[in-house]
Amino acid sequence: MSDEIGCPPRFPGGRYCPESRFQCANNLCVSPSDLCDGTDDCGDNSDEAASVCTNFNCDTLRRFQCANHRCVARYQICDGVDNCGDGSDENNMTLCATRQKSCDSYTQYQCANKKCIDRAQICDYADDCGDSSDELGCHHTSTCSVMNKGGCEHHCMNLTDALKDDVLVVFSSGPEIRAYDLKVNDQFDVIGGEKRIEAIDYNPETQMIFWADSYDKTIKRSYMINALNGEAKIGYAQDLNMKGNSKPTALAVDWVADNLYWAETDRTGSKPRGRVMVAKTDGRYRRALVNAGLEVPTSIAVDPQLGRLFWADAGSAPKIEVSWMDGSKRRPLITEAIRHPAGLTIDYSQDHMVYWVDTKLNTIEVMKPDGSMRKAILKGEMLKHPVSLDVFESYLYWITRDTGELLRQDKFGRGVQVAVQRSLANPSSLKVYHDLRYNTSLNNPCFKNPCTHLCLLVPGGRRCSCPDNTVQQTSHRSTAEVVCDAPVERIRPSPRICPCQNGGQCREDDTGNELVCVCLAEFSGAHCEFYSERMFGSSPGSAAAIYIPILVAILIAATVGLYFIIKKRPFGKPSLTSSQSVSFRPGTNVEFNSPDFPSNRPPTGVIPAGGGVAPLDGYSLDTLGNKTTDFSNPMYDAVQSGTTADPGGVGNGSGIYEVPSDVSAKGGKGGAPSSGPFVEPVSAILAPSSITHRTSPQLHLRPKELSPSSHDTGRDTQLLVEEDKSEC
């Protein structure tokens with residue numbers, strides 16, 4: 001949907017759809033026959049909105065109008081399912097009186113004569129249906145023998161027991177074709193780099209695979225993997241130059257007469273127009289076989305042994321038709337109980353039974369080549385809206401539209417379905433690739449009686465045809481021989497062989513004459529045959545492009561880390577070592593202690609030879625014995641000197657600060673002065689109103705040693721407090 005968002009209108013009046021189509025609220029276009037049918041065809045349910053369906057009138061020839069104005073197919077009336085939503089399709093006793101109730105799709109099997117039997121009775125060597133339809137095509141465990149032919153009526157071939165696990169399923173997934181090996185559960189690329197692959201098929205004789213690209217509106221081909229005795233390692237596309245205004249939607253290969261059939265749709269007009277075309281497998285001599293009464297062809301299948309051509313149309317009148325492989329004898333096979341047929345395939349080993357899927361009805365059905373013995377094999381939401389189908393041996397293989405899955409189940413509807421592969425991106429077509437899928441032992445009627453241009457198979461023989469826009473004349477030698485007024489074109493060269501291995505892709509060189517391999521990162525060599533341990537690029541330049549940014553990031557991280565280390569640790573500034581310590585005593589003192597201060601220091605100003613730190617000028621860092629150096633807080637000394645008895649006479653009224661007598665008198669009981677030391681108040685802060693400030697004397701400080709003697713005299717050697725000189 002992302003490629004359709006923001007597109008400008010393409011039709012007059014600002015419409016995104018032609019008048020023949022219904023325009024959804026999200027600007028998608030759906031057929032008017034899809035309106036009010038109970039299915040969300042628009043994707044936003046705007047085709048089922050009440051405003052559209054309230055007064056909607058159904059096509060009464062093909063549809064039944066419910067009481068709530070919803071339209072359902074007539075074959076859905078009285079089928080035991082409330083398709084209308086209000087029960088009006090099941091409660092009409094007049095219509096339902098003559099209707100036969102359908103079989104239970106999960107527990108019962110519907111015979112060709114509409115009889116219902118238990119599923120366990122299929123292929124039990126007994127005619128439980130009464131018409132032997134429950135025993136047709138059964139591959140029992142017995143092997144073929146001359147006496148009983150393995151239980152077969154005409155021809156017996158041992159297939160089921162020996163080959164059921166050796167199957168390669170090839171499917172298209174958006175712009176590529178992939179293959180899944182059921183035996184080893186391995187998936188690998190076949191074709192890549194395309195645009196929008198719609199349909200695929202292959203020629204078992206030439207080992208070529210063909211596909212239709214709806215984006216480029218062309219058909220291409222390539223050798224299959226391991227073709228030509230293993231020379232082709234991966235596919236390389238060859239364009240057959242079939243570009244035009246029509247978009248190819250389906251194709252099928254006639255491996256006997258070497259012809260290519262395909263269906264295409266032209267949407268340039270107000271109403272889509274479909275055609276069925278034929279050409280040689282190299283794209284020469286294009287001819288239209290069916291160009292009228294066809295709208296949206298979705299699938300095509302050929303049966304060279306019977307000379308029949310089948311196709312499905314999902315237009316306003318859905319149908320499945322058949323004709324001879326030259327386009328003559330056209331007639332419809334299925335026109336009722338069908339909505340969106342697709343995935344036509346033929347079981348060549350079981351009476352040429354024709355299988356198909358109905359994407360809208362969620363059914364897988366089968367019939368004989370003449371349209372008789374139609375029956376539903378599987379139906380219900382468990383099918384998840386299949387879009388393509390193929391059959392081989394005892395199994396049906398199909399891919400789903402909603403979930404993108406590759407599923408498998410018994411072709412008689414027995415057992416349960418098995419998910420072979422999941423999460424496929426935009427799957428559109430699949431084929432079972434096996435040497436015995438197509439009967440390559442058939443005789444080619446065109447081999448001994450070649451035509452000048454096109455040789456098309458018909459029941460019992462062949463017919464010559466001419467390409468379009470040429471005059472067809474009858475030969476004078478025979479009325480059966482046709483002479484075409486058209487040039488004879490040179491045979492197109494075969495596709496080029498790509499020898500690249502291990503996921504490598506082929507590209508043309510600058511001259512366009514040779515193919516070169518573009519290898520994956522871990523492989524090297526001319527054909528990508530060598531495994532390389534170089535995991536970060538296939539060339540030194542790509543490795544440098546990865547390593548250089550990593551190296552730069554490491555250098556930046558180291559620089560940032562070094563910057564933070566330098567910022568946190570200021571190198572060159574004095575700091576305390578791990579052996580030095582600073583302690584704070586409660587109250588007034590700060591103590592330094594270090595065992596690394598030796599007593600025998602060099603003189604002041606001389607740097608030791610060992611590189612130690614020189615002492616500061618005017619200070620001595622000699623050890624003070626066992627006692628640590630004690631610095632007193634002058635503020636607290638001043639307070640104490642003014643309030644306590646000083647036996648030495650130091651600080652007797654000569655301190656810088658004086659404390660009033662009423663403050664100091666609070667220390668004792670009854671107002672008597674306290675004889676003990678000064679006790680700090682509860683608050684460590686003295687009120688400014690209780691302290692008398694005095695002018696500080698001019699002190700002339702001179703540098704003195706930190707400790708002039710080996711013992712502490714308790715004097716103020718640094719003249720921090722004015723001393724009483726009367727004692728000296």
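Trainee: What makes residues in the lining of the largest cavity nonpolar, polar or charged?
Mentor: Residue type decides. Asp, Glu, Lys and Arg count as charged, and Ala, Val and Tyr are among those that count as nonpolar. On that basis, the lining of the largest cavity divides into 10 nonpolar, 1 polar and 3 charged residues. Keep in mind that this is a predicted model.

Trainee: Which residues are the closest to the centre of the largest cavity?
Mentor: A301, V302, Y348, K431 and Y438, out of 14 lining residues. The space in this cavity is about 80 Å³.

Trainee: Which strands each supply at least two residues of that lining?
Mentor: Three are named: β14 (247–254), β18 and β22 (341–347).

Trainee: How many cavities are there of 30 Å³ or more?
Mentor: The count comes to 4.

Trainee: What lines the second largest cavity?
Mentor: Its lining is made of S133, L136, Q350, M353, Y355, V366, M373, K375, I377, K411 and F412. By class, that lining has 7 nonpolar, 2 polar and 2 charged residues. Strands β23 (353–358) and β25 (375–379) each give at least two residues to it.

Trainee: M373 is in that list. Why does M373 count as partly exposed?
Mentor: Its relative accessibility is 21%. Buried means under 20%, and exposed means over 50%. M373 falls in between, so it counts as partly exposed.

Trainee: Where does M373 lie?
Mentor: In the loop between β24 (363–367) and β25.

Trainee: Which value does phi take at E393?
Mentor: Near 55°, again positive in a residue other than glycine. E393 sits in the loop between β26 (386–392) and β27 (395–400).

Trainee: Why is E393 called buried?
Mentor: Set the value against the cut-off. E393 has 4% relative accessibility. Buried means under 20%. Therefore E393 counts as buried.

Trainee: Now the sheets. What is the strand order in the sheet that contains β30?
Mentor: The order is β9-β8-β7-β30, in an open sheet of 4 strands with antiparallel pairing.

Trainee: What makes β9 and β30 edge strands?
Mentor: Each pairs on one side only. β9 covers 186–191 and β30 covers 427–433. From one strand to the next, the twist averages 25°.

Trainee: How do you know that β8 and β9 pair?
Mentor: Pairing needs at least two bridges. β8 (residues 176–181) and β9 have 5, in the antiparallel sense. That meets the rule, so they pair. Within this region, Y180 stands opposite Q187 in β9.

Trainee: Which order do the strands take in the sheet with β18?
Mentor: β18-β19-β20-β21, an open sheet of 4 strands, paired antiparallel. Its edge strands are β18 (297–303) and β21 (331–334), and each pairs on one side only. Here the twist averages 25° from one strand to the next.

Trainee: How many bridges join β20 to β21?
Mentor: There are 3, between β20 (residues 319–324) and an antiparallel β21. The rule asks for at least two, so these strands count as paired. E321 has P332 in β21 as its bridge partner.

Methods:
Residues are numbered from 1 along each chain as its sequence is written. This is a predicted model: local features need pLDDT of at least 70, side-chain atom pairs count only at pLDDT 80 or more; totals for chains, interfaces and linings use all residues. Side-chain values use heavy atoms; hydrogens and water are left out. Axes are lines fitted to C-alpha atoms, for helices over the stretch in contact, and angles run from 0 to 180 degrees between N-to-C directions. On a 1 Å grid over the protein atoms alone, a cavity is a set of points where a 1.4 Å probe fits but cannot get out, and a pocket is an open set with protein on both sides within 12 Å along at least five of seven lines; lining residues have an atom within 4 Å of a point. Grid points are joined across faces, edges and corners, and a volume is the space filled by probe spheres set on the points. Buried means under 20% relative accessible area, exposed over 50%, partly exposed in between (1.4 Å probe, protein chains only).
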